[in-house]
Amino acid sequence: MHTSNAFNAADEKYMARAIELAKKGRFTTTPNPNVGCVLVKNNVIVGEGFHQLAGQGHAEVNALAMAGENANGATAYVTLEPCSHYGRTPPCAEGLKAAGVKKVIAAMVDPNPQVAGKGLKILADAGIEVAHGLLEASARALNLGFFKRMEQGLPYVICKMAASIDGKTALKNGQSKWITGPAARQDVQLFRAQSCAILSGADTVLIDNAQLNVRESELPQPLPTDLPLRQPTRVIIDSQSRLTPELALFNTPSEIIIFTTKVDKSQCWPHFVKHIVVPARDNKVDLLALLQQLAQLQFNTIWLEAGATLAGKMVELDLIDEFIFYLAPKLMGGDAKSLVNFPELISMQNTIDLTFNECVLIGDDLRISARKRPLNSLDNKE
């Protein structure tokens with residue numbers, strides 16, 4: 001197989017196009033990964049496609065349908081290794097082979113144990129030239145949740161927080177609406193829509209009477225497909241069974257999972273509500289067990305919207321992969337409530353170190369993305 005040093009500028013251009021196509025599926029493909037495919041013959045794109053919805057055609061199938069007979073002798077650029085197994089659709093590796101493509105370049109090998117190199121092997125065994133590793137980092141960024149679930153058995157958790165510029169989330173008396181402006185709140189709707197699930201705690205639901213759904217009218221831009229809006233599953237931690245069916249959360253008839261240590265069977269819950277009992281830790285839901293359950297249920301990316309206590313516990317247990325902070329140009333003072341609560345640190349060696357990923361102005365507010373720093377970068381703390 002060729003490695004990245006065998007690729008040229010044209011290869012990069014076509015793979016970059018496949019990556020842009022793959023992004024169009026980020027609101028709808030769950031639990032499948034986002035994948036794009038471009039077919040090129042005589043330096044002309046003859047077919048392209050992306051995966052839109054689980055159970056429907058994969059990116060390669062859609063690209064082959066567009067190319068028709070022109071697929072014969074073409075080169076396929078695909079952001080993820082073509083699948084090799086029969087699921088809800090036939091193997092894409094077999095489809096590419098049958099279409100007569102002469103070469104397949106994958107950005108990366110599929111970490112799914114059902115594939116994991118088998119798709120490329122099917123193609124190579126058929127005499128088709130194969131290569132992988134082109135724009136791999138960009139391709140991986142498309143599917144952080146899918147890859148983490150496949151490689152670690154856990155979903156990718158993004159914790160959203162809104163605060164004043166001095167890191168406060170509410171006044172001492174509890175007032176918090178609104179710290180950030182309307183543009184930031186619309187931006188949150190976009191992130192919610194891309195997530196498999198929105199995770200929160202009973203406190204947030206009870207205090208704010210939160211619905212935690214995606215409101216299409218508040219999205220800052222149209223979705224890139226004609227498919228109807230997919231509501232992410234709302235996942236609520238309710239260790240002490242304090243939620244009741246009368247809350248606004250249950251007004252939107254989309255899937256809700258309540259994780260608890262016991263189920264209140266005296267309540268009459270809507271049909272779209274499911275309770276899952278998980279082991280208790282310190283009389284509360286075991287958060288690691290919860291995330292493991294969500295991974296088993298094929299949730300890739302979790303959007304966490306929670307108060308300082310739950311967010312702090314998730315930080316303490318090292319269960320958050322990325323933070324998205326919306327910082328408003330406000331000062332709220334020392335008595336206001338802080339962003340996260342976790343045990344006091346007594347040494348700078350114990351700080352939670354992050355690395356900035358993105359910083360962008362959203363209306364009047366600043367959106368900062370920060371991710372966990374790789375372990376090898378923690379060696380030289382000063």
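**Ground rules.** I number residues from 1 along each chain as its sequence is written, and I leave hydrogens and water out, with side-chain values using heavy atoms. Because the model is predicted, local features need pLDDT of at least 70 and side-chain atom pairs count only at pLDDT 80 or more, while totals for chains, interfaces and linings use all residues. My helices (H or I, at least four residues) and strands (E, at least two) are DSSP runs, numbered from the N terminus.

**Entry 1: a cis bond.** I looked up the peptide bond between T30 and P31 and found it cis, with omega about 5 degrees. P31 sits in the loop between α1 (9-23) and β1 (36-41).

**Entry 2: positive phi.** I checked N43, a residue other than glycine, and its phi is positive, near 65 degrees. N43 belongs to the loop between β1 and β2 (44-50). Is N43 buried or exposed? I get 64% relative accessibility for N43, so it counts as exposed (buried is under 20% relative accessible area, exposed over 50%, partly exposed in between; 1.4 Å probe, protein chains only).

D282 also has a positive phi, near 55 degrees, and is not a glycine. I place D282 in the loop between β12 (280-281) and β13 (284-285). D282 is exposed, at a relative accessible area of 66%.

**Entry 3: a helix pair.** Two packed helices are described by the angle between their axes and the distance between the axes. I took α2 (residues 59-67) and α3 (residues 92-99): the angle is about 20 degrees and the axes are 9 Å apart. Axes here are lines fitted to C-alpha atoms over the stretch in contact, with angles from 0 to 180 degrees between N-to-C directions. I therefore log α2 and α3 as roughly parallel (angles under 35 degrees; over 145 is roughly antiparallel, 65 to 115 roughly perpendicular, the rest oblique).

Which residues meet? From α2 I list E60, V61 and L64; from α3, C92, G95, L96 and A99. Contact means heavy atoms within 4.5 Å. By class, I note five nonpolar, one polar and one charged residues in the contact of α2 with α3. Here Ala, Val, Leu, Ile, Met, Phe, Trp, Tyr, Cys and Pro count as nonpolar, Asp, Glu, Lys and Arg as charged, and the others, Gly among them, as polar.

**Entry 4: F250.** I found F250 in the loop between β9 (233-237) and β10 (256-260). F250 counts as buried, at 6% relative accessibility. What does F250 touch? Leaving aside residues up to four places away in sequence, I list L243, T244, P245, I256, I258, W269, P270, F272 and V273.
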